[in-house]
Amino acid sequence: MNVVVCVKQIPDPADTGSLDPVTKTLKRDVKLILDESDSYGVEMGLQLVDAAGSGEVTLVSMAPNAEVGGIRTALAMGAESAVLVSDEALAGSDALSTAKVLAAAIARSEPDLILTATESSDGYTGTVPVQIAELMGLPAVTFGKEIEVADGVATVRRQTEAGYDQVECPLPAVVSVTAGVVEPRYPSFKGIMAAKNKTVIELDLAGLGIDPATVGWAGARQEITTIAEAPVREAGEVIVDEGDAHERILAFLDDLKVL
Amino acid sequence: MGISKIWVYGETTAAGATAGTLELLTKARTLADSVEVIMAGDASAVAGELGAHGATAVYTIGDLAGALPGGRVATAIAGAMEAGNGPDVLLAATSYDGRDVAGRLSAKVDRPVLTNVIDLVADGDRLLGSTPVFGGSTDVVTGFTDAGLAIFLVRPKSFTAEESGGAPAAVSEINVGELGDTDAAVVKDRFVEEMSGPKLDEAAVVVSGDRGLGEADNYEMIETLAKLVRGAPGASRAVVDAGWVPYSYQVGQTGKVVKPTVYIACGISGATQHLVGMKGSANIVAINKDEEAPIFGIADLGIVGDVHKVLPKLIEALQARG
């Protein structure tokens, strides 16, 4: 079984971001790492290929520049190869533009299953998985907690407000995976060394047959009208626990009459 | 000038329309001449409630018979647009199904989506959406630059649902026909996980824990405390990523937005990712052993202390009250 996992390289969430005052988008001139949200999909893909006994995991990613640091992390985990779509015209791409590019890149390899995170950690729109599915004419199951594949059908536990739904979906299909459902493996030293020699195919928009006018700034069809500081919440009283802090909390809750 | 027609994607449970749906209707009726609902399932059961919150009409695609709603609802909206009866704006809540509807529709009719919207503002005949960035310290207002359907995914709890006293919405059906492969996923079974207390986004008290609890077993303290204060347990992203609790517990930028009367943050340092999800709480209590933790900057009562010492005493005191 061949699995494509969509991965995103993002600025380290531990670094505080800022907006470029001219373009009004996130500054992206910092080092990019693999979005941790994507590590669950990579792990899930590797486990499903293992269970199937054959096939491989291919990564598909998009970036305005040819950054590969985060992709190498996922290759070191065990993915076989990667496709990176890079093009200056991709700067400013919104979720739909991203989905158009990823869908075109994924379609080249005709995988059985396409895995994604539920949302990226920096953009967190949460619409890209379904947009990819619609553009490719495929079914999608979002917010998957567990996936089993047998006889060309994926059985997915889909997170709901009340618990989960057991959903059956014929392949090929797009499934988005929630965090915490599998434990992503740490790349081994051997894996890290092997990743250096794995193939990363770099494509541009022309190579995918995508008109630059339909993606990036041109495709987003949105403008930021204002950027404003949100109202600041004031700090209250801070006390150091001397063994009786629980009484202060109880008194606080009593005053609010919530008990 | 002004916005002529807004459609709200209506979501329901056995108890009726979801809070998110009613919040969107309440806001929509202040923004457009006409507000209508598109939904799946039995519309007549909720037509009164939807009408009372401002919808004049509700269109249903009928019983899903196990199909997922995203593709079908999106097809119904696209069909209405083609027939010239479509809305100028589609509003959907940032829910599991709301994102599916918005995503499918976006790709189907080639229109972008504005996501994570927390406020909507009319600007002549277009609608602008406000989105929090950098942990909610900055609000960015965005609008579409061309005419055509404007799709917004709005975070629940952005507005307060209020009745308008409107008459029941007029119910009609939209037949979407066969969709083929995109509609091939089928729900075979539904599992309800036992939740003894109120729902996370409706509870008056939310008790949340972070990795500072040490190990998965210690999360039990959060659940015990939540139960004692008749609240709901919540979690930071790190706790969900570690697999201690499911995604549905997550409070934050990725996850749920909660606005309880009291939010009790246990061992939560206050990463910007988390603050977005809870800083709208009426009152915040924070327990953290690091006095420099950013959470103290927004807490009404901050306790510099060890959750492993404070929580057991708090639990014991509440149990003693009976």
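This is a predicted model: local features need pLDDT of at least 70, side-chain atom pairs count only at pLDDT 80 or more; totals for chains, interfaces and linings use all residues.

Colleague: What makes E9(A) and E13(B) a pair?

Modeller: Two strands pair if DSSP finds at least two bridges between them. E9(A) and E13(B) have 6 bridges, in the antiparallel sense, so by the requirement of at least two bridges they are a pair.

Colleague: Which elements of chain A supply at least two residues each to the side that touches chain B?

Modeller: Among them are helix H3 (95–107), helix H4 (128–136), strand E9 (163–170) and helix H8 (245–256) of chain A. In total, 71 residues of chain A are in contact with 75 residues of chain B. By class, this side of chain A has 36 nonpolar, 19 polar and 16 charged residues.

Colleague: How confident is the predictor, going by ipTM and pTM?

Modeller: The model scores ipTM 0.94 and pTM 0.94. For chain B the mean pLDDT is 95, and 100% of its residues reach 70 or more.

Colleague: Which order do the strands take in the open sheet of 6 strands?

Modeller: The order is E13(A)-E18(B)-E17(B)-E16(B)-E14(B)-E15(B), and the pairing is parallel. Its edge strands are E13 (237–240) of chain A and E15 (232–235) of chain B, each pairing on one side only. Neighbouring strands of this sheet are turned by 15° against each other on average, with direction ignored.

Colleague: How do you know that E14(B) and E16(B) pair?

Modeller: Strand E14 (residues 205–209) and strand E16 (residues 262–266) of chain B share 5 bridges in the parallel sense, and the rule asks for at least two. Within that pairing, Val207(B) has Ile264(B) as its bridge partner in E16(B). Helix H5 (residues 219–228) of chain B lies across E14, E15 and E16 of that chain, at about 175° to E14(B).

Colleague: Why are E7 and E12 of chain B said to stand at the edges?

Modeller: Strand E7 (113–117) and strand E12 (170–173) of chain B each have a single partner strand, so one side of each is left without a neighbour in the sheet. The sheet in question is open, with 7 strands in the order E7-E11-E6-E1-E4-E5-E12 (chain B) and parallel pairing. Its twist averages 25° from one strand to the next.

Colleague: What lies across E1 of chain B?

Modeller: Helix H1 (residues 19–28) of chain B lies across E1, E4, E6 and E11, running at about 175° to E1(B). Helix H3 (residues 69–82) of chain B also lies across E1, along with E4, E5 and E6, at about 140° to E4(B). As for pairing, 3 bridges join E1 (residues 3–10) to E6 (residues 89–93) of chain B in parallel, and Val8(B) has Leu91(B) as its bridge partner in E6(B).

Colleague: Why does the radius of gyration of chain B agree with a compact globule?

Modeller: With 322 residues, a compact globule would have a radius of gyration near 20 Å, and chain B has 21 Å, which agrees. Buried residues make up 56% of chain B; to be counted as buried, a residue needs 20 or more other C-beta atoms within 10 Å of its own. For chain A, 47% of the 259 residues count as buried.

Methods:
Residues are numbered from 1 along each chain as its sequence is written. Chains are lettered from A and ligands numbered from 1 in the order in which they are written. Helices (H or I, at least four residues) and strands (E, at least two) are DSSP runs, numbered from the N terminus. Axes are lines fitted to C-alpha atoms, for helices over the stretch in contact, and angles run from 0 to 180 degrees between N-to-C directions. Two residues are in contact if their C-beta atoms, placed from the backbone, lie within 7 Å. pLDDT is the predictor's confidence in each residue, from 0 to 100. Ala, Val, Leu, Ile, Met, Phe, Trp, Tyr, Cys and Pro count as nonpolar, Asp, Glu, Lys and Arg as charged, and the others, Gly among them, as polar. The radius of gyration is taken over C-alpha atoms; the globule rule is 2.2 Å times the number of residues to the power 0.38. A residue is buried if 20 or more other C-beta atoms lie within 10 Å of its own, exposed if 12 or fewer, and partly exposed in between; C-beta atoms are placed from the backbone.
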